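Subject: Structure for you to look at

Hello,

Here is the structure I said I would pass on. My notes on it follow below the model.

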Amino acid sequence: MHLFLGSKLKSLSVTVKHAAFRDINRHPEVLAALLHTVLRMGIRLTTLELCIATPHTEGISRAAATIIRQMELEIYSGREVPLPNGTVAHLAKLHSLQGACISLEADASFEVLEGPVFPSVQFLHIAMDSLEEFSCRRLILDSASERLVQVGLTLRTEPRRETVRLFLEDLAKKPTAPQM
């Protein structure tokens, strides 16, 4: 792999498929090292997109969490990279964030999120285990953005019909519902 990074880099998009590395067990280390290099170089990203088609994302998740917490991102996309609760909470508070595709860790919970969440997003996609966990649904339902026009969910388990109905009813009550 060859990569050129410069101090003026604002957007980093990484797509990895299993066939991209000869030693499939090493590619999480390589990607984590890339993200740590971005930090060491003092690069200030506004966009970070991670499309990682692999079940081995723990090291990548930790590296992504470190970089996210040190940036004022405008766009984050990491649908296959589960983020720790604290990192998701950090993203939820960023006024600079205009769009996000976030994957929650298994058993994620957000009982204490004070103030407005996702105050400036135009689109928000969240991958989560279950729609049954109310604190995870709150990430979308409590979005304070008046510009939110697109909401997406990826569920790892099939939800109960009643839960989906209640979620959609609550979503329809949001002031931005007519523009979605």
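Is the crossing of α2 and α3 left-handed or right-handed? The crossing of these two helices is left-handed; a crossing is called left-handed if the near helix is turned anticlockwise from the far one by less than a right angle, and right-handed if clockwise.

Some ground rules come before the rest. This is a predicted model, in which local features need pLDDT of at least 70 and side-chain atom pairs count only at pLDDT 80 or more, while totals for chains, interfaces and linings use all residues. Residues are numbered from 1 along each chain as its sequence is written, and side-chain values use heavy atoms, with hydrogens and water left out.

Overall make-up

The chain has five helices and six strands (DSSP runs numbered from the N terminus: helices are H or I with at least four residues, strands are E with at least two). Along the sequence they follow the pattern β-α-β-α-β-α-β-β-α-β-α. Of the 180 residues in the chain, 44% are buried (under 20% relative accessible area; exposed is over 50%, partly exposed in between, with a 1.4 Å probe and protein chains only).

The sheet

The six strands form an open sheet in the order β1-β2-β3-β4-β5-β6, with parallel pairing (two strands pair if DSSP finds at least two bridges between them). β1 (11-16) and β6 (150-155) are at the edges with a single partner strand each, so one side of each has no neighbour in the sheet. On average, and with direction ignored, neighbouring strands are turned by 10° against each other. Within the sheet, β2 (residues 47-52) and β3 (residues 75-83) pair over three bridges, and Thr-47 has Ile-75 as its bridge partner in β3.

Strand β5 (residues 123-128) holds His-125. This residue is buried, at a relative accessible area of 13%. Beyond its neighbours within four places in sequence, His-125 is in contact with residues including Arg-79, Cys-101 and Leu-153 (contact means heavy atoms within 4.5 Å).

The helices

α3 (residues 85-93) lies across β3 and β4 (99-104) and runs at about 165° to β3. Axes here are lines fitted to C-alpha atoms, for helices over the stretch in contact, and angles run from 0 to 180 degrees between N-to-C directions.

The axes of α2 (residues 58-69) and α3 come within 10 Å and cross at roughly 30°. That makes α2 roughly parallel to α3 (angles under 35 degrees count as roughly parallel, over 145 as roughly antiparallel, 65 to 115 as roughly perpendicular and the rest as oblique). Ala-65, Ile-68 and Arg-69 in α2 meet Gly-86, Thr-87, His-90 and Leu-91 in α3.

For α4 (residues 134-141) and α5 (residues 161-172), the axes come within 11 Å and also cross at roughly 30°. α4 and α5 are therefore roughly parallel to each other, and α4 passes α5 in a right-handed crossing. Arg-137, Ile-140 and Leu-141 in α4 meet Thr-163, Phe-167, Asp-170 and Leu-171 in α5.

A loop residue

Leu-94 is in the loop between α3 and β4, and it is buried, with a relative accessible area of 5%. Its C-alpha atom is separated by 7.1 Å from that of Glu-72, which is 22 residues apart from Leu-94 along the chain. Leaving aside neighbours within four places in sequence, the contacts of Leu-94 are Met-71, Glu-72, Leu-73 and Pro-119.

Regards
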